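These are my notebook entries on one chain, written down in the order in which I looked things up.

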Amino acid sequence: MNRVYVCSCFGITEKQVKEHAEAGACTPRQIASVSKAGTDCGSCVRRIQGILGRGVCPRRELLDQGDPVGVLAADAALAPEAALNEAA
């Protein structure tokens, strides 16, 4: 299996960034909050931005619909995953 690392500091792969994006993390900051990617040297932030691109973002759609409560619920849904990443 060929792993393409996005964040060398924390060993975060492109696949992991895409999985977090599919789970609702739409910005590099949100990716950082669930994986720590981009929080050390910062050299991977542009790469993360490129992976995220302008794809569909559940949070952005909820905000466009005027549903900030839905955005908070999406943030809460990511919280257990962040705890698992910290434990690993």
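I first read along the sequence and found the pattern β-β-α-α-α-α-α, that is, 5 helices and 2 strands, where helices (H or I, at least four residues) and strands (E, at least two) are DSSP runs numbered from the N terminus. I noted that this is a predicted model, in which local features need pLDDT of at least 70 and side-chain atom pairs count only at pLDDT 80 or more, while totals for chains, interfaces and linings use all residues. Residues are numbered from 1 along each chain as its sequence is written, and side-chain values use heavy atoms, leaving out hydrogens and water.

Next I looked up burial, and buried residues (under 20% relative accessible area, 1.4 Å probe, protein chains only) make up 30% of the 88 residues.

Last, I checked how α1 (residues 14–22) meets α2 (residues 28–35): their axes, which are lines fitted to C-alpha atoms over the stretch in contact, come within 10 Å and cross at roughly 105°. The two helices α1 and α2 are therefore roughly perpendicular to each other, a term for angles of 65 to 115 degrees. Val17, His20 and Ala21 of α1 make the contact with Ile31, Val34 and Ser35 of α2, where contact means heavy atoms within 4.5 Å.

Technical notes: Axes are lines fitted to C-alpha atoms, for helices over the stretch in contact, and angles run from 0 to 180 degrees between N-to-C directions. Angles under 35 degrees count as roughly parallel, over 145 as roughly antiparallel, 65 to 115 as roughly perpendicular and the rest as oblique. Buried means under 20% relative accessible area, exposed over 50%, partly exposed in between (1.4 Å probe, protein chains only).
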